[in-house]
Amino acid sequence: MDFNFTDEQNMLRDTVAKFVQNQYDWDSRRAIVKSAAGWRPDLWKVMAEELGILGAPFSEDLGGLGGGPVDNMIVMEEFGKGLVVEPYLGTVVLAGGFLKHGGGAQSAELIGSIIGGEATFAFAYAEPQGRYNLADLTTTAKADGAGFVLNGRKAVVVGAPWASHLIVTARTSGGQRDAKGVTVFVVPADAAGITRRDYPTVDGLRASEIQFDNVKLGAESVIGTVDNGLPLVERVTDEAIAALGAEAVGAMRTAHAMTIDYARQRKQFGVPISSFQVLQHRMVDMFMHVEQSVSMTYMATLKLDESDEERKKAVSAAKVQIGKACKFVGQSAIQIHGGMGMTDELAVGHYFKRCTMIEGLFGSVDHHLRRYETLSLGEAA
Amino acid sequence: MNLDFSAEDNAFRAEVRNFIETQYPQALRAVQEEGEEMRKEDFLAWHRILANKGWVAPAWPTEYGGPGWTSVQRYIWSEECARADTIPILPFGINMVGPVIYTFGTPEQKAKFLPGTLSGDIWWCQGYSEPGAGSDLANLKTKAERDGDFYIVNGQKTWTTLAQHADWGFFLVRTDPTAKIQEGISFLLIDMKSPGVTVRPIITLGGEHEVNEVWLENVRVPVENRIFHENKGWTCAKFLLAHERTGIAGVARSKRGIDRIKSMARTESEDGTPLIRDSFFKRKIAELEIDLTSLEYTELRTLASESAGKGPGPESSLLKIKGTEIQQRITELALEAAGHYGMPFFRGFPEDGANLPIGPDAAHRTAPTYFNMRKTSIYGGSNEIQRNIISKMVLGL
């Protein structure tokens with residue numbers, strides 16, 4: 001039983017922490033979110049070339065640092081502390097996960113492009129009708145010679161406005177919600193037949209509604225095997241959930257620290273409000289939520305390579321804890337900041353907003369309770 | 001004991017329901033549905049219709065223009081307004097400064113300010129909170145120094161709701177810096193067009209411009225704009241705060257909020273099961289409805305003692321605490337029901353763009369509303385302060 005990090009992992013954390021401190025301070029982040037593009041491709045290049053972190057979870061013979069999920073966890077936590085918007089989750093964790101585990105004709109080349117900072121990815125899986133069911137798909141990919149023709153509509157594709165490539169889940173056979181018949185594709189974002197409607201999200205990111213009209217895909221677009229994509233999708237989204245847990249930990253730690261700082265400085269009735277026991281206990285409760293979120297993130301990250309069932313149970317348990325913590329820590333941070341917590345001007349509100357979105361990403365607390373319950377207690381009634 | 005409304009009350013309910021149905025402006029409905037920020041005239045549209053009918057100030061004595069309703073009738077009125085999703089009448093004039101003026105003001109002050117307050121011609125803002133005076137309101141520092149027939153006012157107010165539209169403001173100012181803090185405060189009415197008054201927007205978490213900073217730099221205010229005695233303004237403030245807290249339970253509006261969640265839950269499905277039939281989600285709705293019922297009957301008991309002549313007491317803090325917690329819970333469930341479409345934020349982007357909502361109508365404001373409503377446990381006396389009030393004033397601890 002070992003919860004220590006290696007020297008390389010500690011160095012990785014230091015590298016990312018320094019980057020966030022020096023090049024991604026709060027004013028920089030605010031300016032990025034307000035800008036027309038909404039992100040900094042030049043900083044992405046810094047991450048690739050100067051920091052070398054985009055290769056963190058990839059094997060050395062593909063040009064990576066030889067790490068895995070724990071390294072993603074470290075990067076995501078440090079990014080969470082600075083509310084970094086650049087698409088590490090979509091590119092390195094999600095696309096990287098699909099390419100690593102699914103293989104496919106282009107995977108080595110695309111992984112190389114990820115590590116080099118040339119390619120960014122967005123994961124287009126959700127649809128207007130499907131809620132959190134990954135298999136609920138009306139987007140279809142009909143066989144067309146050796147390739148496919150893609151038609152359909154994807155909802156709230158985070159990072160799509162910045163992406164050079166999309167990872168798309170589509171149905172190659174079966175009924176709308178069948179487990180069998182799901183296939184994963186990699187699609188260039190500028191392929192003919194793709195229409196996007198870009199917009200900002202409440203937590204400072206950008207997303208799109210994407211329409212696919214007869215988009216032609218070659219056989220090399222397939223990741224994993226045709227019709228058998230769902231287990232791969234479930235595995236990679238579980239990896240993303242673990243990474244999001246880490247981002248949430250970073251964001252919650254920061255919101256918590258800001259709250260303690262504020263409470264110490266803010267004087268009412270002649271004393272700092274941090275001297276009020278009710279608020280002290282609340283800040284203690286925040287601390288407990290954060291610590292348990294750290295524990296559950298470690299647990300889920302370390303179980304990502306277990307059997308499907310063990311992994312799903314672990315990840316759902318973690319998402320339930322993270323979701324509850326995000327709500328409690330976020331709400332408490334605002335409450336203790338009082339009126340100031342309600343302003344757009346202060347950073348704490350933005351941490352609250354990101355934590356709120358993480359609550360629902362890849363499944364709400366209820367969704368994961370249900371998945372956990374099914375696995376742990378047998379079929380849900 | 002009985003829970004029935006009288007035949008007269010039921011007839012009253014039918015009358016007011018019909019009035020709202022026939023008189024509420026359709027144009028206003030459209031603005032509300034759009035969910036964008038309302039303009040000054042939108043806010044005033046319903047006010048003016050009610051003022052015309054004599055119904056805009058249900059709690060005012062008839063001698064000042066009130067309709068002479070019983071407390072049960074006022075309760076029925078607020079239920080019917082909420083049921084019809086009418087926009088709330090702004091409280092600053094009708095519920096706050098108006099009662100202060102008719103209770104503590106001179107005949108001249110009443111004549112000068114009450115008609116405009118009633119008609120909507122005077123839009124009021126509340127100059128109370130300061131950067132250093134939130135929960136500790138008595139710690140306010142804005143000072144008013146006497147100069148002949150004027151006060152010269154200097155200071156900064158914050159969190160001033162809708163001051164960007166205000167014609168006048170009622171301000172708590174320090175007129176005696178040497179007195180014990182609550183004893184040196186005066187209640188001043190200030191014309192927002194006075195030289196030296198600057199209003200600056202504060203943007204809040206959902207992107208709204210609802211509140212402001214109000215900077216006062218050598219503002220000359222006639223002494224005749226002071227309500228009640230110099231240095232006795234805290235008496236007016238306490239009176240006003242007690243009135244601010246009743247009506248804050250918001251039961252009828254929360255019932256509508258739960259209706260809207262149920263409506264979303266009928267259309268949002270996962271795996272072919274609408275959320276309204278999902279065992280986890282429907283349980284949460286049931287628990288919320290029960291919580292709201294507890295609040296409703298507690299409010300009715302408060303109403304009954306008010307009818308018997310008792311004024312609003314510290315128990316109203318319970319109504320504020322539970323009322324706001326339920327309001328917040330409603331916004332949580334609505335955001336949850338929205339699923340993925342709780343994430344897009346299309347306000348003002350692109351600046352020259354169509355600004356059409358992304359996803360279902362019911363979903364697109366769930367996140368900004370959830371963020372905005374975190375204010376309810378903070379404003380009007382934070383829920384922590386409200387618990388202190390109950391602890392001290394009700395439990396004697």
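**Where chains A and B meet, and what lies inside**

Let's start where the two chains touch: chain B brings 36 residues to the contact and chain A brings 32. Keep in mind that this is a predicted model. On the side of chain B that touches chain A, at least two residues each come from strand S6 (197-203), strand S9 (269-270), helix H9 (279-307) and helix H11 (366-372) of chain B. H11(B) gives the most to that side, with 3 residues. Sorted by class, the side of chain B that touches chain A holds 17 nonpolar, 11 polar and 8 charged residues.

Now let's turn to chain A by itself. Chain A splits into domain 1 (7-120), domain 2 (122-227) and domain 3 (231-377). Between domain 1 and domain 2 of chain A, the C-alpha centres are 23 Å apart. Their contact draws 18 residues from domain 1 of chain A and 20 residues from domain 2 of chain A. On the domain 1 side of this contact, helix H5 (residues 88-102) of chain A gives the most, with 6 residues. That side has 12 nonpolar and 6 polar residues, and no charged ones.

Finally, look inside. The largest nonpolar core has 150 residues, and those with the most contacts inside it are A:Leu94, A:Ala124, A:Leu166, A:Ile167, A:Phe185 and A:Met252. Helix H7 (residues 230-265) of chain A supplies the largest share of this core, 17 residues. To see one spot, pick A:Leu94: leaving out residues up to four places away in sequence, A:Leu94 touches A:Leu89, A:Phe121, A:Phe123, A:Ile167, A:Val236 and A:Ala240. There is also a second, separate core of 52 residues, including B:Trp123, B:Leu216, B:Val221 and B:Ala237.

Methods. Residues numbered from 1 in each chain as written. Chains lettered and ligands numbered in written order. Predicted model: local features only at pLDDT ≥ 70, side-chain atom pairs only at ≥ 80, totals over all residues. Core = buried A, V, L, I, M, F, W, Y, C linked by C-beta atoms within 7 Å. Buried ≥ 20, exposed ≤ 12 C-beta atoms within 10 Å, placed from the backbone. Helix = DSSP H or I, 4+ residues; strand = E, 2+ residues; numbered from the N terminus. Contact = placed C-beta atoms within 7 Å. Nonpolar A, V, L, I, M, F, W, Y, C, P; charged D, E, K, R; others polar. Domains from an automatic or database assignment.
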